[in-house]
Amino acid sequence: MRESLARSLIKGDKEAYMKLLLLACASLSILGILLIFLFITRESIPAFVHIGFKNMFLSAHWSPITGHFGMVGFIVGTLFTTVIAIVISAPLGIGTALYIDQIAPEWLRTPVRRGVELLAGIPSIVIGWFGLITLVPIVARITNTSGYGILTASLVLVVMALPTITTLSAETLKSIPQELKEGSAAMGATRWQTMYRVMLPAAREGLMVATILGMGRAIGETMAVQMVIGGARQLTVNPFQPTSTLTTRILTEMGEATGDWRSALFAMALVLLLLSMILIISIRLVSRQRRVAA
Amino acid sequence: MSARKADRIATFVFTLLGFISIGILLFIILEVLGRGLLTAINPKFFLGKPEAMNPGGGILPMIVSSLYLAVLTLIVALPISVGAAIYMAEFARKGRLVSSIRFSLDSLATLPSIVFGLFGMTLFVVYFRWGMALMAGAFTLALLNLPILLRSTEEAIKLVPQTYREASMSLGASRWTTIRQIVIPSAMPGIITATILPIGRIMGESAAIVLTVGTFIRNIPVNPFSMGAPLAGYIWFAQSEGLTPDYRKIVNGGAAFLLLLVLVVYFLARYAGRKYQEKKLMGARDGK
């Protein structure tokens, strides 16, 4: 009798121990994100101390040899390429999702959806190479410039953001209750009226989340952009001019950078971290709004 | 404009958008394969040693690095992600801890891979003094892929019918025994599918790799703590440095080979997923 009690205790202990171990695994994600924050911040502190906030974030003069580390040009480059890319890929992605959900014939739906999934799996280096050998010459011929620059980078980013936006939008549209779609059709609405008046409003938050996550992909993309943006260290809003983004500058200069220069690159990574956090928090706000509305 | 006319225009526009999206995919695949397939499938290329300065180099050590890195990453990531997924699917209760775990996972999923690269470089390469090494890349990519691995594993576990658990526990099995003997084996095919897909992502990853693993090696890497040169990173290196006279050919061939690798992994994962579903359907019919 006593023995079995002891045994169940040991057994109980083992259960508790296993649960703790599993919890530890799950908590590693918290540890991971904290460590990332910690190390990126730690490495960028010298830049804030020696170069100063003003010289980094209110200047577009980037010249490591003369000790100038103004990164406004690259922040603008990141935001500008992202905005152009999203302006193109959001309608394209949401439109493709509507096509998959509403218009495509039954036998074509799965292939189109799988195709978009596959596009997400193509390595960014391959898409960058495609951009370099195919898009750059095309843009160069049409615009009579070098072909490298913000526009070409944005086109490459369209390819990167498109699968994210399409897949998530298609999921959202699919989750709209069938009765809602059928109800609208039963009232005599055409397919377009159903899509425009019923589905898009019902899916608004989901489509916004899809677009925001697409922006996340565009902001973070490095290789593909680096190959086509031209790598110039200048502030420009001319879409046909070469420039850099935060990610491409980090990639190109990390190998040779030392001291404050290296630290300034980490400060750029910190900006990227903050941009990602803004996106995540805005997603939470969008989803919360939905819950309140419902 | 009549409602019917508007409807016809909309149908046309959305069909066009759908076709554009698929057109982009086909355009990329055909362009890349068209330029590089002949080089890629030449044994002298994919079984050859790379050259630093001379023409005629191959990519065998790079292919091995990519595969090696994928294996190492999964060895590091799987125990953690499966453990975490079991916790999230079987034990997690709504609360502050679980919502911070979810928030961390969302954050990890959105962070740019170059930020992971910088983190891996500071922690594993510099702070732990591993130097540029396959293992440093494996730990970095394990963290990078944790959210996607965890989510799909968790879904696979949640798909196991609740009745399985109840039946097991009504026979006197403990919670842990039920998970180990019933839930995990039932979810295994789903977990395997969930594991194959990230392999393509790992092999395609480049920004985090060039900062943690390396971009050029001449010999096949054996020691996991030695430098590697995964194909994706090497393509970038060959392209941006342009040290060999035939670098365009190498990049074309390398890109085509990488694309083929990723396609194979993708269809393998799909195939495994379909097999799993068929089995499940049959199981349902037999009343299993």
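**Domains, chains and one glycine**

Start with chain A. Nine residues of its domain 1 are in contact with nine residues of its domain 2. In contact means that the C-beta atoms of two residues, placed from the backbone, lie within 7 Å.

Before I go on, the ground rules. This is a predicted model: local features need pLDDT of at least 70, side-chain atom pairs count only at pLDDT 80 or more, and totals for chains, interfaces and linings use all residues. Residues are numbered from 1 along each chain as its sequence is written, and chains are lettered from A and ligands numbered from 1 in the order in which they are written.

Back to the domains. Domain 1 of chain A covers 2–50 and domain 2 covers 62–293. Those bounds come from an automatic or database domain assignment. The C-alpha centres of the two domains of chain A are 34 Å apart. On the side of domain 1 that touches domain 2 in chain A, five residues are nonpolar, three polar and one charged. For the classes, Ala, Val, Leu, Ile, Met, Phe, Trp, Tyr, Cys and Pro count as nonpolar; Asp, Glu, Lys and Arg as charged; the others, Gly among them, as polar.

Now the two chains together. Chain B puts 63 residues into the contact, and chain A puts in 71. Which element of chain B gives the most to that side? Helix α1, residues 3–40, with 19 residues. By class, the chain B side has 41 nonpolar, 16 polar and six charged residues.

Chain B itself has 11 helices and zero strands. These are DSSP runs numbered from the N terminus: helices are H or I, at least four residues, and strands are E, at least two. The C-alpha trace of chain B spans about 70 × 70 × 40 Å along its principal axes. Of its 288 residues, 49% count as buried. Buried means 20 or more other C-beta atoms within 10 Å of the residue's own, again placed from the backbone; 12 or fewer is exposed, and in between is partly exposed.

Is A:Gly214 buried or exposed? Buried, because it has 28 C-beta neighbours inside 10 Å. Beyond four places in sequence, its contacts include A:Ile86, A:Ser89, A:Gly93 and A:Thr164. A:Gly183 is 31 residues from A:Gly214 in sequence and 32 Å from it in space, C-alpha to C-alpha.
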